Amino acid sequence: MGEFLADHTTLQLGGPADQFLTHTDPTTWPDLARAAQGDDKTSFVLGGGSNTLAADTGFPGTVIRMATRGITARPLGRDHVEVVAHAGETLGSLVALTVAEGLSGIEYLGGIPGTVGAAPVHNTGAYGQQISDTLTGITAHDWHLATPSSYTPPTAASATAAASSSPGPDGGPSSPSPCGSPAAASPRP
Ligand SMILES: Cc1cc2nc3c(=O)[nH]c(=O)nc-3n(C[C@H](O)[C@H](O)[C@H](O)COP(=O)(O)OP(=O)(O)OC[C@H]3O[C@@H](n4cnc5c(N)ncnc54)[C@H](O)[C@@H]3O)c2cc1C
């Protein structure tokens, strides 16, 4: 019997997945995606499970839990810092790092459970701040493509081009997969 989703969701509900894979290394995404889709069954990407309700009957396909880690920050001109985080990082870790660095822009998201990768999916937000306010780019993997693609929100500032071409935090390809979230935060006044 497969891994119980109850062990991976905040509500602690959910039966077994047919197949449960944990994604830790961005460079292995194509292999993982192939393994997940090989049987033509449905697949589901799971982050922290804080916004997921899984059925008691389980999931008839492959669940891939995002566990890629790494956060880097680098100055982007005088007024902004580009922060790149892998999808499996917790949003709390990302916020904690930016606050510790004296950066503003996502500090109100600190108490929200979940992963960095899920934040752009939901446009996670609180107290008037939402991730789209500071998101400058996403590197995402298509299920069927070997190489990741970069996406830029239409509202992103001119800093975006630099953000989407920056290397991944582990020195590998630019691939917080399937969702990573470069965010430009500003030094606090
Ligand atoms: C107590 C509590 C308080 C909360 N407060 C807030 C709040 O103030 N504001 C707010 O916006 N939300 C809030 N939420 C909701 C939740 O925290 C957010 O929606 C969060 O972004 C979900 O992240 P997760 O990693 O747990 O997502 P999951 O539940 O694991 O996944 C949610 C969805 O995102 C998709 N997904 C996850 N990771 C990826 C990825 N890497 N790539 C592609 N798709 C992915 C999944 O397939 C699924 O469809 C709260 C939840 C709880 C339980």
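Hi everyone. Let me start with a term: when I say "domain", I mean a stretch whose bounds come from an automatic or database domain assignment. Keep in mind that this is a predicted model.

Domain 1 covers 5–66 and domain 2 covers 71–187, and the shell around the ligand draws at least three residues from each of them. How many residues surround the ligand? There are 26, and the closest are Gly47, Gly48, Gly114, Gly117 and Ala118. What about the classes? The shell has 13 nonpolar and 13 polar residues, with no charged ones.

Now find strand β3, residues 59–66, where six of the eight residues are buried.

Val63 comes back in the largest nonpolar core. That core has 31 residues, and those touching the most other members are Val63, Ile64, Leu91, Leu109 and Val116. Elements giving two or more residues to this core are α1 (29–37), β2, β3, β5 (80–85) and α2 (91–100). Domain 1 and domain 2 each supply at least three of the core's residues.

Last stop, leucine 109. Setting aside neighbours within four places in sequence, leucine 109 is in contact with Leu91, Val95, Thr124, Gly125, Ala126, Gln129 and Ile131.

Key: Residues numbered from 1 in each chain as written. Predicted model: local features only at pLDDT ≥ 70, side-chain atom pairs only at ≥ 80, totals over all residues. Buried ≥ 20, exposed ≤ 12 C-beta atoms within 10 Å, placed from the backbone. Helix = DSSP H or I, 4+ residues; strand = E, 2+ residues; numbered from the N terminus. Near = placed C-beta within 6 Å. Nonpolar A, V, L, I, M, F, W, Y, C, P; charged D, E, K, R; others polar. Core = buried A, V, L, I, M, F, W, Y, C linked by C-beta atoms within 7 Å. Contact = placed C-beta atoms within 7 Å.
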